[in-house]
Amino acid sequence: MNAEQKRAWLGVATMAACVVGYLVLLPFFGPWAAAGAFGIYGINGFAGLIGRKERPDERDKAIARHATLAGAMASYLAFIIGCMGTWFVVFAFRHEDQVYVHALGAITQLGAIVFFLARSVAILVFYGRHVEADNA
Amino acid sequence: MPEITNCIRRLRFDHDEMTQEELAQRVSVTRQTIIALEAGKYTPSLALAFRIARTFNKRVEDVFQYEVPIRE
C-alpha cells in the first residue's frame with residue numbers, strides 16, 4: 001500500500017468516525033448541533049504527513065488526477081442538489097422566501113466533504129482497476 | 001479488457017530472472033506499477049513503454065502488443 005492509498009483510507013476512516021459521532025450526538029443535541037461531529041474530518045489535515053518521502057510515479061499521478069476529477073464531479077453534484085433541494089423545501093413546504101442561514105454553511109460543507117470522500121473512495125477503487133496513462 | 005498486452009514478465013525471467021523491484025528502479029517507477037503492468041491493469045505512457053523496452057534491448061512492439069477489440 002502506497003502513501004496515496006494510506007491517505008485515502010484515512011479519509012474514509014475519518015468520515016466513518018464522523019458519521020458514528022453524528023449518530024451518537026443526534027439524540028442528545030439535535031441535528032444541527034450534532035453536525036459538529038463532522039469536525040472530526042479535520043483530522044485529514046494530517047494526511048500530508050503520510051509518505052512525505054515517497055515520490056509518486058506516473059501511475060500514481062494518473063490515478064490521483066482521475067480521482068480528483070471524480071471528487072470534483074461528485075462535489076458539484078452534491079452542491080447543486082443541496083442548493084436546489086433547499087429551495088424546493090423552502091418554497092414547496094414552508095412557503096417562505098427565505099433560506100435558513102445555517103443551510104448555506106451546511107451545503108458548502110457538504111460539497112467539500114463529498115469532494116474529499118469521493119476522491120478517497122475513487123483512489124481506492126482505481127488502484128484495483130485498469131488505468132491508462134494520460135498519454136497512453 | 002485492456003487492448004494493450006505485454007510480455008514483461010517473460011522478459012524479466014529471460015534476463016537473469018530480473019526482479020520486479022530491479023526493473024522498477026531501472027525505469028523509475030514503483031514496484032506496484034510493474035505489478036499492475038504485468039497484470040494488465042495499467043497501460044503505460046509512451047515514455048515508460050520505451051524505457052521498459054530499452055531495458056530489455058527490445059523494440060516497443062516486441063514488449064507491448066496492441067490487440068484490436070473484436071466487435072460482435
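A crossing of two helices is called right-handed if the near helix is turned clockwise from the far one by less than a right angle, and left-handed if anticlockwise. In this predicted model, the crossing of α2(A) and α3(A) is right-handed. The axes of these two helices come within 7 Å. They cross at roughly 150 degrees. Angles over 145 degrees count as roughly antiparallel, and α2(A) and α3(A) are therefore roughly antiparallel to each other. Helix α3 of chain A covers residues 101-126. The residues that form the contact of α2(A) with α3(A) comprise 18 nonpolar, seven polar and one charged.

Helix α3(A) also packs against helix α1 of chain A, residues 3-34. Here the angle is about 145 degrees, and the axes lie 8 Å apart. The crossing of α1(A) and α3(A) is left-handed. From α1(A), the contact draws on A:E4, A:Q5, A:A8, A:G11, A:V12, A:M15 and A:W32. From α3(A), the contributors are A:H102, A:F116, A:L117, A:S120, A:V121, A:I123 and A:L124. By class, nine residues of the contact between α1(A) and α3(A) are nonpolar, four are polar and one is charged.

Chain B contains five helices and three strands. Along the sequence, these elements of chain B are arranged as β-α-α-α-β-α-α-β. The C-alpha trace of chain B spans about 40 × 25 × 20 Å along its principal axes. Chain B has 72 residues, for which a compact globule would have a radius of gyration near 11 Å. The value for chain B is 12 Å, which agrees.

The two chains touch each other through 11 residues from chain A and 13 residues from chain B. On the side of chain A that touches chain B, the elements giving two or more residues are α2 (58-94) and β1 (131-132). That side of chain A has three nonpolar, three polar and five charged residues.

Strand pairing also links the two chains. β1(A) pairs with strand β2 of chain B, residues 42-43. The pairing is parallel and runs over two bridges. Within β2(B), B:Y42 is the bridge partner of A:V131.

Within chain A, α2(A) crosses α3(A) at roughly 150 degrees. At the contact between the chains, α2 of chain A gives two or more residues to the side that touches chain B.

How values were computed: Residues numbered from 1 in each chain as written. Chains lettered and ligands numbered in written order. Predicted model: local features only at pLDDT ≥ 70, side-chain atom pairs only at ≥ 80, totals over all residues. Contact = placed C-beta atoms within 7 Å. Helix = DSSP H or I, 4+ residues; strand = E, 2+ residues; numbered from the N terminus. Nonpolar A, V, L, I, M, F, W, Y, C, P; charged D, E, K, R; others polar. Pairing = 2+ DSSP bridges. Axes fitted to C-alpha atoms, helices over the stretch in contact; angles between N-to-C directions. Parallel < 35°, antiparallel > 145°, perpendicular 65-115°, else oblique. Rg over C-alpha atoms; globule rule 2.2 N^0.38 Å.
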